[in-house]
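Please read the numbered points with the sequence and the model in view.

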Amino acid sequence: MLKAAREVRERAHAPYSGYRVGAAVLGAGGGIHAGCNVENSAYPEGLCAEAAAIAAMVAAGEGRIQAVLVVGDGADLITPCGGCRQKIREFAGPDTPVHLCTPAAVVQTVTLDELLPLSFGPEHLE
Ligand code: THU
């Protein structure tokens, strides 16, 4: 997952922030789906790497996330933004690991529940 996220991060479109992000999700079927951030000159239209990775997973026909990995820029550790935490929540459970990485290595692993406690999810609509 780190390799996939690192590779796709190289292709990020981040001319405005200069902050390139790569993400990879491990689908329930074992597939690894990667995505990078895609910024836009109309700033709010930009897409986070995690959202791109999730879209790739859904497009590949997988509907559950086993693990998430995100790689930021430089030494400061990235964590998924609030919106991405909710996007992950749609397809993952509270114990799902989220690996936080620099381009060099996995630095910390947290659970989705640690990132998004008391979350709202699909079960609430059943
Ligand atoms: N970004 C992500 O791709 N994922 C995150 O979880 C945090 C932020 C991107 C959005 C924007 O292109 C750049 O990083 C700076 O915010």
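1. A residue is called buried when its relative accessible area is under 20%. The model discussed here is predicted. By that cut-off Val70 counts as buried, because its relative accessible area is 0%.

2. Val70 belongs to strand β3, which covers residues 65–71. Although Val70 and Met1 are 69 residues apart along the chain, their C-alpha atoms are separated by 9.0 Å.

3. Attention now turns to the ligand.

4. The surroundings of the ligand are formed by Ser17, Tyr19 and Val21, by Asn37 and Glu39, by Cys48, Ala49 and Glu50, and by Thr79, Pro80 and Cys81. By residue class, this shell comprises six nonpolar, three polar and two charged residues.

5. In the side chain of Glu39, an N or O atom is 2.5 Å from an oxygen atom of the ligand. The backbone also takes part: a polar backbone atom of Ala49 is 2.9 Å from a ligand oxygen atom, and for Cys81 a backbone N or O atom lies 3.0 Å from an oxygen atom of the ligand.

6. How much of the ligand's area does the protein bury? Taken alone, the ligand exposes 370 Å², and the protein buries 75% of that area.

Key. Residues are numbered from 1 along each chain as its sequence is written. This is a predicted model: local features need pLDDT of at least 70, side-chain atom pairs count only at pLDDT 80 or more; totals for chains, interfaces and linings use all residues. Side-chain values use heavy atoms; hydrogens and water are left out. A residue is near a molecule or strand if one of its heavy atoms lies within 4 Å of it. A polar contact is a pair of N or O atoms within 3.5 Å; within protein, one must be able to donate a hydrogen and the other to accept it, and residues adjacent in sequence count only if both atoms are side-chain atoms. Accessible areas come from the Shrake-Rupley method with a 1.4 Å probe; for residues, only the protein chains shown count as cover. Ala, Val, Leu, Ile, Met, Phe, Trp, Tyr, Cys and Pro count as nonpolar, Asp, Glu, Lys and Arg as charged, and the others, Gly among them, as polar. Helices (H or I, at least four residues) and strands (E, at least two) are DSSP runs, numbered from the N terminus. Buried means under 20% relative accessible area, exposed over 50%, partly exposed in between (1.4 Å probe, protein chains only).
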